[in-house]
Amino acid sequence: MATPPVVPTAAAAASFTPVFINTATLRSILTYKSLIHHFRAFLPTVTSSLHSPPRQNYALSPSSSLLLMPSWSSSSSFPYLGVKLVTYFPQNSTLELPGVHGSYVLFDSRTGQTLASMDGTELTLWRTSCVSGLASEILARNDVGVLVMIGSGALAPHLIKAHLTAKPSLRRVIIWNRTVEKARKLAQELENEGKFEGVCFESTECLEEVVGMGDIVSCATNSESPLVNGARLKAGAHLDLVGSFRHSMRECDDEAIKRGRVFIDNEMALEEAGELVGAFERGVIGKGEIGGNLVELIKGEKVGRRDSEEVTVFKSVGSAVVDILSAQLVYETYIKNGGGL
């Protein structure tokens with residue numbers, strides 16, 4: 001279990017100073033392998049002791065939102081309380097700015113003292129991608145070779161790297177984006193990094209042609225109209241849906257939901273994800289047909305992939321639980337390394 005943070009005595013409390021973990025340090029601490037492993041190890045053991053009320057989502061305009069995501073532990077073996085504050089401004093792309101900004105603050109749940117603050121945006125990119133990586137590790141075939149990445153925003157390179165880490169048999173990554181140049185630029189950047197030997201990165205202008213080539217198809221967009229045509233998914237494909245968190249948002253059509261066995265990161269996906277809410281309303285599937293959530297898959301309480309021909313679908317909407325687990329790993333590693341690397 002987690003190593004409890006050093007809590008100052010009453011006499012020393014006044015001089016206790018919370019730490020600020022900057023973005024560069026956070027990036028130097030986390031790896032996709034370590035965070036995927038951390039989720040697999042800790043999600044089954046701490047989830048039952050964590051209290052995570054539904055996120056509070058405030059509409060600031062028709063397209064912009066403020067989200068608050070708190071979580072706290074009732075167990076002394078996991079003595080943390082945390083909250084993430086996120087702003088969502090999708091129109092920022094026209095300003096060459098990220099659409100999501102956030103901050104995360106971690107507290108000691110026994111005293112209420114602030115332990116650390118860190119870049120919530122960066123933390124979200126890592127935790128979201130590693131949740132998808134863990135799901136593909138469990139649900140995707142072991143012989144996958146081609147990853148199709150739909151979208152080339154800030155999350156896309158993280159998702160690509162998380163999937164490549166989870167499934168080292170991947171050898172080809174094809175990136176599609178509505179703005180072709182952005183997909184081309186991301187493919188070139190990943191190629192130049194040279195971190196995944198033997199992997200080819202390329203871009204495409206035609207999504208319809210490449211969807212059927214993907215052993216894993218990962219989507220991270222703000223789309224309100226289906227991008228993935230379920231009829232084109234190849235037998236045995238794994239579809240990873242990350243982008244939608246509103247009823248109006250939808251990255252795949254009903255056929256993809258109908259063809260695949262659907263799994264979710266947590267129960268809020270049943271209430272928030274446009275692909276699922278719409279499918280329930282239209283009678284495509286029922287809530288009882290959902291294959292299970294991530295914790296159930298890790299514990300082996302629900303069966304994942306049953307054969308090499310089955311299409312699996314994983315829909316994530318995020319949660320405060322994976323936020324606090326990610327912040328825990330960052331904070332404890334930071335302290336273990338004496339306040340930095």
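Colleague: Which residue follows α5?

Modeller: Gly194 follows α5, and its phi is positive, near 65°. Helices here are DSSP runs of H or I with at least four residues, strands are runs of E with at least two, and both are numbered from the N terminus. This is a predicted model, in which local features need pLDDT of at least 70 and side-chain atom pairs count only at pLDDT 80 or more, while totals for chains, interfaces and linings use all residues. Residues are numbered from 1 along each chain as its sequence is written, and side-chain values use heavy atoms, with hydrogens and water left out.

Colleague: What span should helix α5 have, and how far apart are its end C-alpha atoms?

Modeller: The 14 residues of α5, 180–193, should span 20 Å at 1.5 Å a residue, and the end C-alpha atoms are 20 Å apart, so the two agree. The expected span is 1.5 Å times one less than the number of residues.

Colleague: Which residues of α5 are buried?

Modeller: Ala183, Leu186, Ala187 and Leu190 are. Buried means under 20% relative accessible area, exposed means over 50%, and partly exposed is in between, using a 1.4 Å probe and protein chains only. Those four cover an arc of only 100° around the axis, so they sit on the same side of α5. The arc is taken from the directions from the helix axis to the C-beta atoms.

Colleague: What do they pack against? And which exposed residues are on the face turned away?

Modeller: They pack against α4 (156–166), β9 (172–176) and β10 (200–204); contact means heavy atoms within 4.5 Å. The face turned away from the buried side carries the exposed residues Lys185 and Asn192.

Colleague: How many cavities of 30 Å³ or more does a search of the whole structure find?

Modeller: One. The largest cavity holds about 30 Å³ of space, and its lining includes Leu190 and Gly194, along with Lys161 and Phe201 among others. A cavity is a set of points on a 1 Å grid over the protein atoms alone where a 1.4 Å probe fits but cannot get out, and lining residues have an atom within 4 Å of a point. Grid points are joined across faces, edges and corners, and the volume is the space filled by probe spheres set on the points.

Colleague: Changing topic: how many aromatic pairs are there?

Modeller: Three. Rings of Phe, Tyr and Trp (its six-membered ring) pair if their centres lie within 6.5 Å; planes under 30 degrees apart are stacked, over 60 edge-to-face, and the rest tilted. Tyr32 and Trp126 have ring centres 4.2 Å apart and planes at 15°, so they are stacked.

Colleague: Where in the chain are those two?

Modeller: Tyr32 is in helix α2 (residues 32–46) and Trp126 in helix α3 (residues 120–139), 94 residues apart, so the pair links distant parts of the chain. Tyr32 is buried at 11% relative accessible area, and Trp126 is buried at 6%.

Colleague: Are Phe78 and Tyr80 stacked or edge-to-face?

Modeller: Edge-to-face, because their ring centres are 5.2 Å apart and their planes are at 75°.

Colleague: Last one: is Glu96 buried or exposed?

Modeller: Glu96 is exposed, at 70% relative accessibility. Glu96 lies in the loop between β5 (80–88) and β6 (100–108), and has a positive phi of about 60° although it is not a glycine.

Note on methods: 1 Å grid on protein atoms, 1.4 Å probe; cavity = no way out; pocket = protein on both sides within 12 Å on 5 of 7 lines; lining within 4 Å.
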